[in-house]
Amino acid sequence: MLFPVYWMVNVSLTRDIDLRADPPHLFPTHGTVEGYQVVLRDQVPYLGTSLLIGLGTVALTVALAAPAGYALATLRPVGGGVLRFVLLIAQMIPGIIMAMGCYAIYLRLGMLNSAAGLVLADSTIAVPFGVLIFTAFMSGIPGEVLQAAVMDGASRWRTFRSVVLPLSRSSIITVSLFAFLWAWSDFLFASTLDAGGAARPVTLGIYRYIGNNNQQWNAIMATAVIASVPATVLLIVAQRYVAAGVTAGAVKD
């Protein structure tokens, strides 16, 4: 499982002339950072766009999913069970179907080739997952805590903002992390909805180095390495919160 990651780093440090060696070099005997220099020169705008889309997707996902999860977990609305089932089914719809549907809508609304359009599209995947995670976690919050807030005069919104959200830190981090990773690594929505725009994410920026007669493999792999760094750092930092957020609500007292 780790060998492709190692090979990505190895090729990113290998000279173009050595990429055609037979057998291939297992180590970059004549290492070069030319690929990384090319990436830092060409890919920074694409990385910035991916960061913008990722953060926008996180903000929209949490803003929609957290109140929805709170409502399903504590307010017990009519049809809540059906809604949870629909959210579960929504995650099983093939991405290409959603991408083509979004394309038809964006074409009418003039939202093609825009970062805002990609934020909205990526959120269609992240929000159902986020609602289910928040619902499971918030269902485990003791009812006495919520009742105490109500007795102190807090409204439903104040209880959600001042009591439920602080207690839901693990689930917020979990949902935010997965939403960011989905947006950061998205290729399907980007290639369908933003293939010709000026503000393209790094998953499309990497295609600058692929042509009919030339492939800059060290630059391609260097881009992949740099694009993997934010996701790796986030996973390491948020690991314990993710474990707590994903398993929340699995066991009832």
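Val82, Leu83, Phe85, Val86, Leu88, Ile89 and Met92 make up a nonpolar surface patch with about 660 Å² of accessible area together. Areas come from the Shrake-Rupley method with a 1.4 Å probe.

This is a predicted model, where local features need pLDDT of at least 70, side-chain atom pairs count only at pLDDT 80 or more, and totals for chains, interfaces and linings use all residues. Residues are numbered from 1 along each chain, and side-chain values use heavy atoms, leaving out hydrogens and water.

Let's look at two residues. Helices here are DSSP runs (H or I, at least four residues), numbered from the N terminus. Buried means under 20% relative accessible area, exposed over 50%, and partly exposed in between.

| Residue | Place | Relative accessibility |

Beyond its neighbours within four places in sequence, isoleucine 125 is in contact (heavy atoms within 4.5 Å) with Trp182 and Phe189.

Now for the inside. A nonpolar core joins buried Ala, Val, Leu, Ile, Met, Phe, Trp, Tyr and Cys residues through side-chain atoms within 4.5 Å. The largest one has 33 residues, and Val131, Phe134, Met138, Phe160 and Val164 have the most contacts inside it. Helix 3 gives the most to this core, with 9 residues. A second, separate core of 14 residues includes Tyr106, Leu118, Val119 and Leu193.

Definitions and conventions:
Buried < 20%, exposed > 50% of the residue type's maximum accessible area, 1.4 Å probe, protein only. Helix = DSSP H or I, 4+ residues; strand = E, 2+ residues; numbered from the N terminus. Patch = residues over 30% accessible without salt bridge, like charges linked within 9 Å, V, L, I, M, F, W, Y side chains within 5 Å. Salt bridge = Lys/Arg side-chain N within 4 Å of Asp/Glu carboxyl O.
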